[in-house]
Each structure stands twice: as C-alpha cells, then as structure tokens.
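Here are my notes on this one, as promised. Have a look at the model first, then read on.

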Amino acid sequence: MKYIFANWKMYLDFDESNILMNRLLQNDFDGDSLVMAIFPTTLAFTEIEKATRETLWNVGAQNVAWVEKGAYTGAISAHMLASAGAKYALVGHSERRYVFGEKDEDVRKKVEACFDAGIIPVLCVGETKEDYADDKRQYRIKKQLLAVFDGLETKGRDILIAYEPVWAIGTGDAATPADAEDVIGWIKKELQDFTKQEIPVLYGGSVDKKNVVSYIEQDSIDGVLVGHVSTQYDEFVDLIREIEKQ
Ligand code: PGA
C-alpha cells in the first residue's frame, strides 16, 4: 500500500480546485494499492469532500486549530474539520512552522486535537537548509518528534509522518532517494522509543513524475506528499500512473 497525498497549499482558488478534482475523478486509479488524499484550500473543502464521497479519494485539512470552538478569529478547529468530513490533517508543515511561526508545542496541541476529533494527523518534520549545513538534521527532527510523541497516548490512534526537508520543498532540489531512505529509516527507529505502533512515513519535497518511483521503491518510504506537481493535472496523473506500474 502506498500513500499519495496531494497538498494543494494556496495554489488553487475555489473554481480551480473543483475543476481539478472533477478531472481527477474521471480517472480509474488502483484502489487496492493506493491510499490517496487531497488537501485543498479550506474554501473548497466541502465541495471537494462532497465530490469525493464513495470514491478512492480522501480529503484532508492543510491545518487545524487546536481549540474546539470560541473567540479565535480566522481559525478552524480540528473538530469542525472532522464534522465537515476531514479524514486527515497536515500538522506542522514547514510553511506553517517557518512562515506562520508555529512552535513545536503548537504542533503537539494540534496532533492531540486531531486525535480528539477523530482525524488522522500527518505530522510534517524536516530540517532547514541551515540545520543541514550545521549538521543538525537529526537534532532538528528529533526535537520535532519528541515535542509530539513524548508522553503522547497513541494506542488505538492512527498517525502518519511526512519527512520533508525544508530545503527540498518547492525548490526542485529533492533529497536523493538514498538520503530520504536513510533519514526515514532512522525516524522509524527513533519512533520505537515512543510507540510499538507501525507509523507510515512519507517523503515530501520536489516529488515529480520522474523521481517518484525512486522514493516509492525504497524499503522504509511508505508514500509521497506532493505539493506543486499535484496541482498540475497531467503531471499529477502521470505521477500516479508511475506508482501504479510498480
Ligand atoms: P513540493 O511541496 O512538492 O511543491 O516541493 C511538498 C510539500 O510542501 O508538501
């Protein structure tokens, strides 16, 4: 089973999101070997959720607020997204961490809110270019994992991780498959300190139709989180077809 998760970020408006989803729905994809999810703009979330009911596609939120309800202007809670049909939510994406200033502690609260609401969190971790240059990759990722998993009750809860080196996101400078495999293998070992559960780990960062198979065929990599390419119909369909051929 391979995960293909599509993070549409803020690339597509309401109409563009619906048009792309409707085009994707015209294809038959292999539901036995793929777990697929779209993370659309919240604006198009309910339309896409309706369109994808009874299909292979799942819908996820790009972000959640950890408080259930109240005076939080501009926020949308995990509970509200769950009631609107969100199966997954990205939590701690690097754009949330580095553009919007989310802290490790915020990310922990969001993971807990997802558990509470019955959403499967997709915890994003990864080092910056500076971390990488300073040989602090493991330090950074371990810190991010610890903040979320230390003392977290994961029994009976699903959670996924996406390893996304910040320097590889939207740059065309993807991590080599061997490098991604090394880090993801290491993440899986680290997680054993916290939980006996098998936690799927995806790779994200400049994944495209040409390199996708090189990640998917690695032992430890359970799937891919695709940003920009997933907003381009032909490229994204070709990418899915590449995985299906495996
Ligand atoms: P990218 O983004 O595929 O555009 O590099 C990946 C992500 O941020 O999830």
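1. A disulfide here is a pair of cysteine sulfur atoms within 2.5 Å. By that cut-off the structure holds zero disulfides. Cys114 is in none, and its nearest cysteine sulfur, that of Cys124, is 11 Å away. Cys114 is buried, with a relative accessible area of 0% (buried means under 20%, exposed over 50%, partly exposed in between, with a 1.4 Å probe and protein chains only). Cys124 is buried too, at 2%.

2. Some housekeeping: this is a predicted model, where local features need pLDDT of at least 70, side-chain atom pairs count only at pLDDT 80 or more, and totals for chains, interfaces and linings use all residues. Residues are numbered from 1 along each chain as its sequence is written, and side-chain values use heavy atoms, with hydrogens and water left out.

3. Which residues come nearest to the ligand? Out of 13 around it, they are Lys9, His93, Glu164, Gly170 and Ser206 (near means a heavy atom within 4 Å). The shell divides into four nonpolar, seven polar and two charged residues; Ala, Val, Leu, Ile, Met, Phe, Trp, Tyr, Cys and Pro count as nonpolar, Asp, Glu, Lys and Arg as charged, and the others, Gly among them, as polar.

4. Now the atom pairs. A polar side-chain atom of Lys9 lies 2.7 Å from a ligand oxygen. Gly170 puts a backbone N or O atom 2.7 Å from an oxygen atom of the ligand, while for a polar backbone atom of Ser206 the distance to a ligand oxygen is 2.8 Å. Taken alone the ligand exposes 280 Å², and the protein buries 98% of that (Shrake-Rupley method, 1.4 Å probe).

Note on methods. Polar contact = N/O pair within 3.5 Å; in protein donor to acceptor, adjacent residues only side chain to side chain.
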